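This briefing covers one structure, topic by topic. Please read it alongside the model shown below.

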Amino acid sequence: MRVSKYLLSTQKETPANAEVISHQLMLRAGLIRLNASGLYSWLPTGLKVLRKVEAIVRDEMEKAGAQEVLMPMVQPADLWQESGRWVEYGPELLRFQDRHNRDFVLGPTHEEVITDIVRKEVSSYKQLPMNLYQIQTKFRDEVRPRFGVMRGREFLMKDAYSFHLDQETMDDTYQSMHNAYSNILSRIGLEFRPVLADSGSIGGAMSHEFHVLAQSGEDLIAYSVDGEYAANIERAEAPMPTEERAAATQEMTLVDTLNAKTIAELVEQFDLDIKKTVKTLIVKGAEEDTPFVALLVRGDHDLNEIKAEKVPQVASPLEFATEEEIRSVIGAGPGSLGPVNLELPIIIDHSVAVMSDFGAGANIDDKHYFGINWERDLPLAQVADIRDVVEGEQAPDGGKYAFARGIEVGHIFQLGTKYSEAMNATVLNEQGKSQVLLMGCYGVGVSRIVAAAIEQNHDDRGIIWPDAIAPFKIGILPMNMHKSHRVKELAEKLYQDLTDLGIEVIFDDRKERPGVMFADMELVGVPHTIVIGDRNIDNGVLEYKNRKTGEKQDIPMDEVMSFLT
Ligand code: ATP
Ligand code: MG
Ligand code: MG
Ligand code: MG
């Protein structure tokens, strides 16, 4: 690629409104451009990286025996009505009508469509197990799109769906997807952790997330220092004994803020009883910076009665959220969200974490959700300290657990029969009897991986691409090529020879100062650079520079090709 003919579009200044480094660098290096909130165009360099990630994902899916399909992004509402998610899904689902006033959605995920295909196309147990995947654009009307493509509204996902007659093959496929996800992230060269994840409505069923470790990660993950256990804090192994929970409630730290106080007052007023039926109430805070606060109400309180009688008594005006809003805050995985039973309120800073009776929990923070979940041995009282711990990455609990921030780049789920039952996806089993299929689903955030890779690989000069996903492998920087015939000739030849070998080269043939050329090459993150200048040619060498190590090396001219290839 000749830079003179290429849409490089780099920029020097750090863009406003880009909070995390990957977002800043993706804009500065000319990878993406914003079109509207959460909607981005991929410019040539960005697209090259995206396609590389996609290719690795596709390769690992094929190796694992999954078959590629492509489903429509626009999906008919009927299917969502059949599965029940038309009602369940909440405002992240973009709904619209066509010219005949028929309802449609922009697919945030494809369980319904794939189940519809499989129920029509697969009729015999002999065809199973089957794993189908696609790499395709998804749309989720995220309440707070941010961090560039990390949390976009439109994004590229690889989603796979497997169908089974028995739990054994379900477990096998789940394990093979688990392995494939590990391979994908290892091949890209990212530091990651698979963690046990909250499976939402699916309760009990198996679910893992794959997190790329980064300080900017929106999730909090806990792992045992011995390496045996790791979980998104959204998830816990087992319910905590009631007494322990009660004790932890006593110990909870109330931070002196209006919201925290309000919650505490409400909890007291309602005389909450830990052993009674659990009910959740999420109220909207009046203050702009904390649009949501959550409150757990235990016992059989009539929400309307509380609304009418109790709320006016507290200092801050409050408004009840609708069920849809609650769901949008609590969030849903590729599966969906069932009833959420939350019980234990824990107040951290300005937000409130609530814990369900099966140990999973949610933290409502800035209207944005990240989960809190922990293994039972981790004393709940320590949850209030989690944020401090995370910032310092210390290991609490006698060094047994450590916390880290993670970016969720993949999520695998065993869905059981949730969709197949609702949509009647059955096959005839060996005995000729109709049997409902078991189903698994497996998502990778292809576009999110690009951002996550930058979070882990950058310095103050720009991106440092891992070789596997670099937009270009080699950069050729000729010094004063427009004045020196020798430099031009050598640069052109090297460019030609490398290109002929199928190597992706970016050749800076612009009439630019060397400083500008170096800065662009480093910003864009090209892993290997060859500098061609008159002085070096006099010495019979070219200069090689490694982006990652910064190491420079003079390579004899006749060895350059073998050194680079
Ligand atoms: P998150 O918790 O970050 O909102 P999710 O749990 O809602 O993600 P899944 O339904 O599990 O997401 O989808 C599978 C994968 O798609 C996620 O693991 C993530 O990598 C990616 N993904 C989800 N939402 C977005 C988004 N808004 N922008 C980019 N990638 C996303
Ligand atoms: Mg989400
Ligand atoms: Mg998920
Ligand atoms: Mg998630």
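In which loop does Phe147 lie? The place of Phe147 is in the loop between E7 and E8, where strands (E, at least two residues) and helices (H or I, at least four) are DSSP runs numbered from the N terminus.

This is a predicted model, in which local features need pLDDT of at least 70, side-chain atom pairs count only at pLDDT 80 or more, and totals for chains, interfaces and linings use all residues. Residues are numbered from 1 along each chain as its sequence is written, chains are lettered from A and ligands numbered from 1 in the order in which they are written, and side-chain values use heavy atoms, with hydrogens and water left out.

**Backbone features in loops**

- Phe147 has a positive phi, near 60 degrees, in a residue other than glycine.
- With a relative accessible area of 8%, Phe147 is buried (buried means under 20% relative accessible area, exposed over 50%, partly exposed in between, with a 1.4 Å probe and protein chains only).
- Asn424 also has a positive phi, near 55 degrees, and is placed in the loop between helix H13 (418–422) and strand E21 (426–428).
- Asn424 is exposed, at a relative accessible area of 55%.
- A cis peptide bond, with omega near 0 degrees, joins Leu128 to Pro129.
- Pro129 belongs to the loop between helix H5 (111–121) and strand E7 (130–139).

**Magnesium site**

- Glu408 (OE) and His411 (ND1) coordinate the magnesium ion (ligand 3) at 2.1 to 2.2 Å.
- Donors are N, O and S atoms within 2.8 Å of the metal (3.2 Å for Na, K and Ca), and because water is not among the atoms, sites may look incomplete.
- The magnesium ion (ligand 3) lies 3.2 Å from the magnesium ion (ligand 4), and Glu408 coordinates both.
- Glu408 counts as partly exposed, at 24% relative accessibility, whereas His411 is buried, with a relative accessible area of 7%.

**Ligand 1**

- Ligand 1 is surrounded by 17 residues, and the closest are Glu142, Arg151, Gly152, Glu408 and Arg448 (a residue is near a molecule if one of its heavy atoms lies within 4 Å of it).
- By class, the shell around ligand 1 holds seven nonpolar, five polar and five charged residues (Ala, Val, Leu, Ile, Met, Phe, Trp, Tyr, Cys and Pro count as nonpolar, Asp, Glu, Lys and Arg as charged, and the others, Gly among them, as polar).
- Strand E8 (154–164) and strand E20 (401–416) each supply at least two residues of this shell, and E20 gives the most, with four residues.
- An oxygen atom of ligand 1 is 2.7 Å from an N or O atom in the side chain of Glu408.
- A polar backbone atom of Gly152 is 2.8 Å from a nitrogen atom of ligand 1.
- The protein covers 93% of the 580 Å² of accessible area that ligand 1 has on its own (Shrake-Rupley method, 1.4 Å probe).

- Helix H6 (residues 167–188) has 22 residues and reaches 32 Å from its first C-alpha to its last, close to the 32 Å expected at 1.5 Å a residue (1.5 Å times one less than its number of residues).
- Among the buried residues of H6 are Met170, Tyr174, His178 and Leu185.
- H6 is followed by Gly189, whose phi is positive, near 90 degrees.
- Ser83 lies in helix H3 (residues 77–83) and is buried, with a relative accessible area of 9%.

Key:
Polar contact = N/O pair within 3.5 Å; in protein donor to acceptor, adjacent residues only side chain to side chain.
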